Amino acid sequence: MNERYSRQILFREIGKDGQKKLLDSRVLLVGCGALGASHAEMLARAGVGRLRVVDRDFVEFTNLQRQTLFSEQDAKEHLPKAIACKNRIAEINSEIEVEAVVADVNNSNIENFIKDCDLILDGTDNFVTRYLVNEACVKHKKTWIYGAAVSSYGATMTIIPFESPCLRCIFEEMPGAGSAPTCDTAGVIMPIIATISAVQVTEALKILTGNQDALHRSLMQFDIWQNDWRKIKLNKPNPECAVCGQGKFELLDAENSDFATTLCGRDAVQIMPPKPTNLDLEKLAENLKSIAEVKQNEYLVRLSVEGFELTIFRDARAIIRGTDDESKARSIYAKYIGV
Ligand SMILES: [Zn+2]
């Protein structure tokens with residue numbers, strides 16, 4: 001066994017057998033922002049053999065205060081976070097296979113992302129995606145680890161479908177848009193990211209090495225500024241739960257996922273093409289050069305026009321900054337991308 005892992009193998013609960021299990025595992029990271037980047041780094045250093053990292057966004061300077069994997073160069077190049085993560089992990093542990101996916105996680109792809117994974121880690125920043133992940137994980141009986149952090153507060157819970165309560169058992173109603181604080185409205189400090197991601201990754205190591213007895217089996221909540229830490233014990237799933245009790249998968253079975261999504265607190269809207277499309281980015285950049293200054297890399301094209309900042313990805317998805325009005329964003333999309 002590689003001496004890289006010697007200190008972890010000395011830790012009795014993991015040992016040689018546990019290390020081998022880690023190397024043979026595949027974990028899905030849903031989102032590669034602050035929590036996700038921290039998950040990726042810890043899991044790669046621990047020797048979790050395969051990581052599938054899915055993220056829809058690109059690195060910006062405002063991320064660098066807490067998103068430990070990323071560099072100034074990544075922000076300058078506007079690299080997609082999944083790609084920047086893969087590049088950095090290759091420097092940390094070249095034995096780990098990272099599958100970087102630049103995409104929005106939605107009901108057309110979530111089941112494909114989870115089905116061959118041993119475990120799913122939540123690094124998302126919104127409840128719609130979490131409820132979708134919850135439905136997909138209950139449907140496919142996959143264990144997932146919820147995590148959220150904003151301001152100096154965070155929460156985490158490990159969800160083993162039909163054995164422990166699912167997200168919907170605990171939070172029956174999804175918070176309405178704009179009702180919950182986000183990192184973009186309330187800010188966030190890095191130590192709460194480190195705390196929540198540390199608990200999530202520890203739970204992941206327990207699960208992947210067969211140490212289920214050591215799981216915390218609770219909803220853990222921390223306010224690291226207010227010095228308030230609590231653990232709410234979880235019992236059985238709620239038989240009345242719409243998802244794990246009644247098997248209703250409303251988000252998973254919805255006809256269409258929304259074409260336009262407001263990115264909460266960011267003054268930006270994401271637009272998805274109605275059909276999956278593979279865009280010729282070079283050609284698009286060429287066409288747009290006549291109307292604005294265009295920046296591009298292998299993964300995306302960016303331009304500023306009419307006071308909006310457009311970032312267009314290869315799958316024809318676009319993030320339009322400068323508005324939270326979905327219809328305005330749709331019309332900008334139609335005007336300049338028009339697919
Ligand atoms: Zn449930």
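Two strands are taken to pair if DSSP finds at least two bridges between them; helices (H or I, at least four residues) and strands (E, at least two) are DSSP runs, numbered from the N terminus. The structure is a predicted model, in which local features need pLDDT of at least 70 and side-chain atom pairs count only at pLDDT 80 or more, whereas totals for chains, interfaces and linings use all residues. Residues are numbered from 1 along each chain as its sequence is written, and side-chain values use heavy atoms, with hydrogens and water left out.

Strand β13 (residues 308-313) is joined to strand β14 (residues 318-321) by 4 bridges, and the two run antiparallel. Within this pair, L310 stands opposite I320 of β14. Both strands belong to an open sheet of 6 strands with antiparallel pairing, ordered β9-β10-β14-β13-β12-β11. Its edge strands, β9 (260-263) and β11 (294-296), each pair on one side only. The twist from one strand to the next averages 20°, where axes are lines fitted to C-alpha atoms (for helices, over the stretch in contact) and angles run from 0 to 180 degrees between N-to-C directions. Helix α12 (residues 326-336) packs on this sheet, touching β9, β10 (268-271), β12 (300-305), β13 and β14, and its direction makes about 55° with that of β10; contact denotes heavy atoms within 4.5 Å.

A further open sheet comprises 8 strands in the order β3-β2-β1-β4-β5-β6-β7-β8, with mixed pairing. Strands β3 (97-102) and β8 (228-233) stand at the edges with a single partner strand each, so one side of each has no neighbour in the sheet. Strands β1 (residues 26-30) and β2 (residues 50-55) run parallel and are joined by 5 bridges; R50 in β2 is the bridge partner of R26.

Aromatic pairs number 6, a pair being rings of Phe, Tyr and Trp (its six-membered ring) with centres within 6.5 Å; planes under 30 degrees apart count as stacked, over 60 as edge-to-face and the rest as tilted. The ring centres of F127 and F171 are 6.5 Å apart and their planes lie at 80°, so this pair is edge-to-face. Because F127 lies in helix α7 (residues 127-139) and F171 in the loop between α8 (167-170) and α9 (183-186), the pair ties together parts 44 residues apart in sequence. Ring pairs link F127, Y131, W144, Y146 and F171 into a cluster.
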